[in-house]
Amino acid sequence: RLHLRRSHLRPVMLGCRVLAPALQSLAFAICLVMISLLTRVDLAGEIFRASIQIVLDTPFDSDGSGRTVRNARNGKDVLTWLETVFFPKLYAEQTKDGDRTGYCTDSEPCLMMQGATTSTTECSDGLVSGLNNCPSWMGSNTNCCEQCTGSDCGIFTWYTENIKIQATREVNNLAENCDDEMPSWLPTVTSDVEEDLPVANAADNVYCPERIARTTASGTTESLPRFLWIGRYNRVVMTRFSLKRFQTENLTTTQFQNAYPTRMTSEIKASSTSDNEDKSTFNGYSYSENDGHQESGAYVTFFNMTKSKHVTLRKLEELANANWFDLRQGSFVVELLIFNGNVNLFFIVSFTFEQNFNGLTSNWVVSHVLDMNLNDTDQATPILRFFLYFFIICLLGIFFSNEISDISSESLDYFKRPAAIIQVVTITFSIVCIIYYTLLVLNYWYINFTFPMTANVEDEETVFRRLLLLASRSETFNTLLSFNTCLVFSRCVMLMSRTAPDAAIFFNMIEEAKKPLLSFFLMSGVMLFGFTLSSFYLFAQSTSEFRKVEGAFLNILMMVMGSPNFDMCVNGDIAMGLFFFFVFHVFNIVVLQLFLSTLIVGYDTAKGGVDDDMGAHADEYPLIRFLISCREWIKDSTSVISATAGSLRQVLFGSSSSGAIKINHEKIASLRDGRVSMPKV
């Protein structure tokens, strides 16, 4: 009879119960990692390399010095970069009228006498593809769109607010159909299709193929918008400029008043509002509160990237003439909105320039990604994301319940444990992540967003602002998620260290050496602070890396981590730089040796304690008890199986009660001898 002893199963179940918190934390961390992977940050990096990297790496100066946008020194350099690199690279892949391929397509049909075309589907409604009819500058054997002739041209329909106007597409005489007089109803044409409107008499209207275009309120026509692409598949949607200007004041000191009559008041940050910035109207541009980069207020202007290159550069020239890039430029931000339809990702890139009143320019590039598929249940990725969110919420509820129970049972000693503090911080960050995610996916603009955006200019600018706000929330969510993932993994490691003695060596080492380590960090911190101030005073005047205290601190920290930075020290001051370099590294070698000695002593102490526990109290560790219980359970189970197999063999084949056959060697030998002595027949 096969039976399992409950005394062996109970320790196994107890061990599983002890390991459960560590396994739950590990599962929680794995879910957070999967959520991070589903944010598709890798795709954002690929889009950045395909579309923006060339804008950063291309030199903008004409003197051959190779300066890129990272080396821009003032507003004039920023203007030169926009004129020679930024906009030209955005328009580099745009096709133009007369190109053999890419200009006339099914999605972007051509107008009258535009080409080249290969079929009528590449022409606007009412036009057909001709045969070798393009202007001579396009080359020979080139087809362009032309008017339709013949009885099979059909009827063309315009929709206005009150009436539906129809006319035949047949154009036998282009000059008669397209006379100078503009129809009175043409400015009222709308893109909204309403079939219930009354129909005007087709005989009273004529069809002019040259007027197939977007009509403005003044009655003039504009070319149909053509999309701008960069990196082949990334559509450039819109660009926004945000400007902050220095506020000047008259110099009252008589000692320098004649030489320097006015001065800048203070530095201006692009992401914050300052009382020292100029907010008055200048050259027709008004300051917009709660607008611009990060809604910090600025002079704002938008660029519609469906316009042609020369229109965009002409508007940039107007800004230059309006003193947008003069000496009073305090901060300037270029924000570019890109859409990749293959993965439904919006990509926002911000180029920030902050002018210092000392003549220095700080600039950096920040990119954000906005995934528009979070609510799309028709795809597999959002469904997996929703499942992970549900699993995370369930685990979060378990963690919250366990921590409430621990706090109520040991309220005084609870916060003395580092693992408990990490767990509380993890739960807090998890709740904040859930709130941010809810604010993102349940936002009205996120749910009801459609692309392409509306043709109304003001509505496009509003949608642009909303997308930037959503992208900012998405970036905050990703930042909180990444930080929380590190905390959860730390919590998981701390829980797993309690299950076995060898796993706890690291934390035991920190515990044994905490006082020497505290003294070491205090000493090294004082030394680091002293060398930071020393390098700042010595090299700030000559090297940009040490011109601020925080920059000097980071460079000294890099030297501690192993970067020599010899050239920086020597370039800052030849004589004192050498002395500073050698003195610092001598102190650094001594400090590192003290640090290693402290860790080694702590490790030896922790290792000795673990060896003692392994000899005397090994069975007190949950993981060891769990493994011992599993071994006993397997041994007991195999003995039962062996006994059952022996009983079955006895029933089927028969054997002695002992279950083994004994061989009588003496009897075998006597029988062999008697057989030899028998007479042969």
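**Aromatic pairs and their surroundings**

A: F87 and F241 are both buried (under 20% relative accessible area; exposed is over 50% and partly exposed lies in between, with a 1.4 Å probe and protein chains only). The model is predicted, so to speak of local features a pLDDT of at least 70 is needed and side-chain atom pairs count only at pLDDT 80 or more, while totals for chains, interfaces and linings use all residues. Numbering starts from 1 along each chain as its sequence is written, and side-chain values use heavy atoms, without hydrogens and water.

Rings of Phe, Tyr and Trp (its six-membered ring) pair if their centres lie within 6.5 Å, and planes under 30 degrees apart are stacked, over 60 edge-to-face, and the rest tilted. Searching the whole structure gives 36 aromatic pairs. One of these is F87 with F241, a tilted pair with 6.4 Å from centre to centre and 45 degrees between the planes. This pair links distant parts of the chain, with F87 in helix α4 (residues 75-90) and F241 in strand β8 (residues 234-246), 154 residues apart. A second pair is F302 with F464, whose planes stand at 90 degrees with the centres 5.6 Å apart, so this one is edge-to-face. F302 belongs to strand β13 (residues 298-304) and F464 to helix α10 (residues 457-496), so parts 162 residues apart in sequence are tied together. F302 is buried, at 9% relative accessible area, and F464 is also buried, at 0%. Helices (H or I, at least four residues) and strands (E, at least two) are DSSP runs, numbered from the N terminus.

F87 and F241 also belong to a cluster, in which ring pairs link them with W81, F86, F303, F325, F332, F351 and F353. F303 of this cluster has K315 over its face, at 4.8 Å from the ring centre. Elsewhere, R245 lies over the face of F282, at 4.1 Å from the ring centre. A charge sits over a ring if NZ of Lys or CZ of Arg is within 6 Å of the ring centre and within 35 degrees of the ring normal.

Helix α4, which carries F87, packs with helix α6 (residues 309-321): the two axes come within 11 Å and cross at roughly 165 degrees. That makes α4 roughly antiparallel to α6. On the α4 side the contact is made by L79, L82, E83, F87 and P88, and on the α6 side by K309, T312, L313, L316 and A320.

Past α6, the loop between α6 and β14 (329-340) holds N323. The phi of N323 is positive, near 70 degrees, in a residue other than glycine. N323 is partly exposed, at 34% relative accessibility. E295 likewise has a positive phi, about 50 degrees, although it is not a glycine. E295 is placed in the loop between β12 (287-288) and β13, and is partly exposed at 46% relative accessible area. The loop between α4 and β1 (127-129) contains A116, and the peptide bond from G115 to A116 is cis, with omega near 5 degrees.

Phenylalanines also take part in another helix packing. Helix α12 (residues 514-539) and helix α13 (residues 549-560) pack at about 120 degrees, their axes 9 Å apart. These two helices are therefore oblique to each other. From α12, the residues L528, F531, T532, S535 and F536 meet V549, A552, F553, I556, L557 and V560 of α13. Contact means heavy atoms within 4.5 Å. Axes are lines fitted to C-alpha atoms, for helices over the stretch in contact, and angles run from 0 to 180 degrees between N-to-C directions; under 35 is roughly parallel, over 145 roughly antiparallel, 65 to 115 roughly perpendicular and the rest oblique.

T598, in helix α15 (residues 574-616), is buried at 16% relative accessibility. Leaving out residues up to four places away in sequence, T598 touches A513, P516 and L517.

As background, the protein has 17 helices and 16 strands, and buried residues make up 38% of its 681 residues. Of the contacts between residues at least 6 apart in sequence, 64% join residues at least 24 apart.
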